[in-house]
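Here are my notes on the structure below. Please read them with the sequence and the model open.

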Amino acid sequence: MKDELKYLMALAARGRYSRRAFLGKAAAAGITGMVANTMLAKAVRAAGPKKGGTLQMGLGGGESTNSLDPALAASQVPFLYLMTAGDRLTDMSPTGEVMPRMAEKIGSSADAKVWTFTLRKGMTFHDGAPVTADDVVKTMRRHSDENAKSGALGIMGGIESVNANGDDVVFTLKSANADFPALMSDYHLIIQPGGGVDKPDAGIFSGPYKIKSFEPGVRIELEKFADYWDDSRGHYDAIEMLVINDATARNAALQSGQVQLVNQVDPKVADLLKRAPGVTVNATAGRGHYVFIMRCNAAPFDNNDLRMALKLSIDREEMVQKILSGYGSVGNDFPINKAYPLFDASIPQRTYDPEKAADYYKKSGHDGSPIILRTADGAFPGAVDAAALFQQSAAKAGIPLEIKREPNDGYWSDVWNKQPFCASYWGGRPVQDQMYTTAYLSTADWNDTAFKDPHFDELIVQARGELDQAKRKSLYSEAGLLVRDTGGAIVPMFNDFINAYSDKVAGWEDNPNQDTMNGLAGVLCWEA
Amino acid sequence: MAVHPVVKLMTQRLALGLLLLLAASVLIFVGTQILPGDVAQAILGQSATPQALANMREAMGLNDPAYVRYLHWLGAALHGDLGQSLTNGEDVAEAIGKRFGNTLFLAVVAAVIAVPTAIILGLIAVRYQGRWPDRLISGVTLATVSVPEFLLGYVVMFLLAVKYRLAPSVSTIYDTMSLGEKLHAIALPVIVLVLVVLGHMMRMTRAAILNVMQSAYVETAELKGLRPFLIIARHAFPNAISPVVNVVMINLAYLVVGVVVVEVVFVYPGMGQYLVDHVAKRDVPVVQACGLIFAAVYIILNVAADVISILANPRLRHPK
């Protein structure tokens, strides 16, 4: 490479030379835009983060009913402001490993039943009080209390007791769980002073930013917390989150420069948005997926041949192209994909096969009456269209589907988990165990497919306590196959998280755990 | 002593307005009660135990007969106590106060621009009736009134915010902003709202004045040799005020209660978005309070229209 170009790249990386001008020079030197872009991204990372500035984010998924109480967080905007202002015991790396966060050391007993988290020294809360093991214990106890209505109650169910011992927090579990440190990265489990018992929504946490002003559903202002212990997080001086629930308005705000980063880009417009000057669209393969749920205990879905017939009569490739505009990947009828640690890539991919589907359909002895599939706009983006595609591909196999469109209002209370066949979605979980425990164990509240298999339950419990990773992988592989071949979930596709940001934002790193860099875009990115 | 007919008429109108508001409050209460689903269940969620549900019902007084609950609610509302939000526990009156202030701010700014503009354009259209200024004004306002407001919003946003960057596309306002900053922030929604209400008011003004222009006294004025614009402004318009006031009030009411779509498109923190969020969460006290306020705004503006029409009518002001 020419020296001049190298020099300019270093300048551009530090924001002292315009990115577009650099790309122009690179093109003149015969380097394609894509290569030049990659080079620049590398140089930017190598140059290291720049401190200062304000990041404005335009975010979908916020309501005026949101609260600062981490226990109650359930939508995107609370997730993002909590991840920006709060800290958890552990963090998940982009590759799915557990990273120590507030706990600097994590140890377990040989049977994975007793877990000890040693707290880092010198951490303080936003009100100046030091973080103690007692705060952690109280936080965990609050989330275990049914009255707190915590979204993490399911996780806390496996804990028998939690106690402080100096700087150590000791968890004793009811049964062995090798994934326990991963569960501690849950965004509800943000450590609060005194566990947040007195005032759960006080908004005092220990993360790199503190809440400056909070108007739920409108605007959240955060400012840098000067006493944060980790210099590698929190590069902006301030972060402003604007709640923009209208997708078109969100994109316009990015294009007009009012915000520098947006979430939830509609796959249908992602390609158009890419063409806007100075805008980068990022698609990260995640673990969230869309499903058609057959309840295995309700006729006619209590017949595995019929379930197989339906699984074979859905055209997954077509769904990914038409519903996700290519921003996703095909599913394989179990809720795990390659974004999960310990995924077995050797499980064969199920494909659309109308002939085989017809055979299974005949074998099932179904009386030929139309099978009712319930769907709603709110089941997942494009759910009504997806049901129509399913109807057409199934018709080619001679299976009649009848689409019943339900109102969004009350869909989750009256249709999902009640009606025998409906459209739905699942967000990803940090580890396979949590996904299966939430929605596939016989005893799970949210076992929406009513899949009950004692052998499957055994496999999951065994894998949970297994510390040998190779053995775990094979156990999960077997469990996945069971769901794939005998379960009630039709998983046509895994959706990507799609974000877009302007050329004023540097340091983006794909993270499959959750949307918007696992909620950490604000604390890890910096001003270009 | 005989009561002055204007006083009598106004008293009647006000009493009717109050009665209407009471009827609206019954409707709102009944409406929120017949929403499918149990309120206690909606608050506690699916995993609630039967005991917790029973406690919640008891605490909320859900076991009382409906009319008792209605009277309780109405009594509290009359004292300014609108209850507490079920979803985040904030005081409803306080939370709504802020949102309602924002809604009024947007509505007032839009009205201050739209009402005079509509009336002046109406006068001009009458003055040049059938000629190009009339056609131009009528055509443009008809077009803006016919386009759905969200589309108008997106077009304005694309042109003024994305393409030329004259005004922000996100109209979020907050306390620390100065008045100038706030006005800059709401420029685009104001433009859209003005365009939406302009046509209706302008056309009504034009039609009402044209109606009066047929009268004998206008002909007299013309024969006296008065300038056409003077005739319209001084002689015809005062007699056309009554229908114009009515349509102006309807549009003002729309500016307060009907702008949910514009609020969503421009992310403006007004009442509409607040109401929609809480309906989705079955937050009954907030929904009832919003309904009551919207109904009150509508009724007050309509009563005001009636009163102004009465006052503007010389036959009622000066009885024989």
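1. Leaving aside its neighbours within four places in sequence, which residues is Leu255(B) in contact with? The partners are Ala107(B), Ala110(B), Ala111(B), Leu193(B) and Val197(B). Contact here means heavy atoms within 4.5 Å.

2. Before going further, some ground rules. This is a predicted model, in which local features need pLDDT of at least 70 and side-chain atom pairs count only at pLDDT 80 or more, while totals for chains, interfaces and linings use all residues. Residues are numbered from 1 along each chain as its sequence is written, chains are lettered from A and ligands numbered from 1 in the order in which they are written, and side-chain values use heavy atoms, with hydrogens and water left out.

3. Buried means under 20% relative accessible area, exposed means over 50%, and partly exposed is in between (1.4 Å probe, protein chains only).

4. Chain B as a whole has 16 helices and 0 strands. Both kinds of element are DSSP runs numbered from the N terminus: helices are H or I with at least four residues, strands are E with at least two. The C-alpha trace of chain B spans about 85 × 70 × 35 Å along its principal axes. Of the 320 residues in chain B, 43% are buried. Among its contacts between residues at least 6 apart in sequence, 76% join residues at least 24 apart.

5. Asn102(B) sits in helix H5 of chain B. Asn102(B) counts as buried because its relative accessible area is 15%. Not counting residues up to four places away in sequence, Asn102(B) touches Ile173(B), Tyr268(B), Pro269(B) and Gly270(B).

6. Next, the interface. The size of an interface is often given as the accessible area lost when the parts come together. Between chain B and chain A the buried area is about 2300 Å², and carbon and sulfur atoms give 51% of it; this area is what two parts lose in accessible area (1.4 Å probe) on being put together, summed over both. Chain B brings 26 residues to the contact and chain A brings 25 residues.

7. How many salt bridges are counted between chain B and chain A? The count is 1, where a salt bridge is a side-chain nitrogen of Lys or Arg within 4 Å of a carboxyl oxygen of Asp or Glu. Glu215(A) and Lys98(B) form it through their side chains (3.9 Å, N to O). On the side of chain B that touches chain A, two or more residues come from each of helix H5 (92-127), helix H7 (149-163), helix H13 (260-266) and helix H14 (271-280) of chain B. The residues on that side divide into 13 nonpolar, 7 polar and 6 charged. In this count Ala, Val, Leu, Ile, Met, Phe, Trp, Tyr, Cys and Pro are nonpolar, Asp, Glu, Lys and Arg are charged, and the others, Gly among them, are polar.

8. The whole structure holds 28 salt bridges over all chains. One of them joins the side chains of Lys121(A) and Asp167(A) (3.3 Å, N to O). This pair links distant parts of the chain, 46 residues apart. Lys121(A) counts as exposed because its relative accessibility is 64%, whereas Asp167(A), at 33%, counts as partly exposed.

9. Is the pair Glu406(A) and Arg374(A) buried or exposed? Both residues are buried. They form a salt bridge whose closest N and O atoms are 2.8 Å apart.

10. Last, a salt-bridge network links Arg316(A), Asp333(A), Arg350(A), Arg484(A) and Asp485(A).
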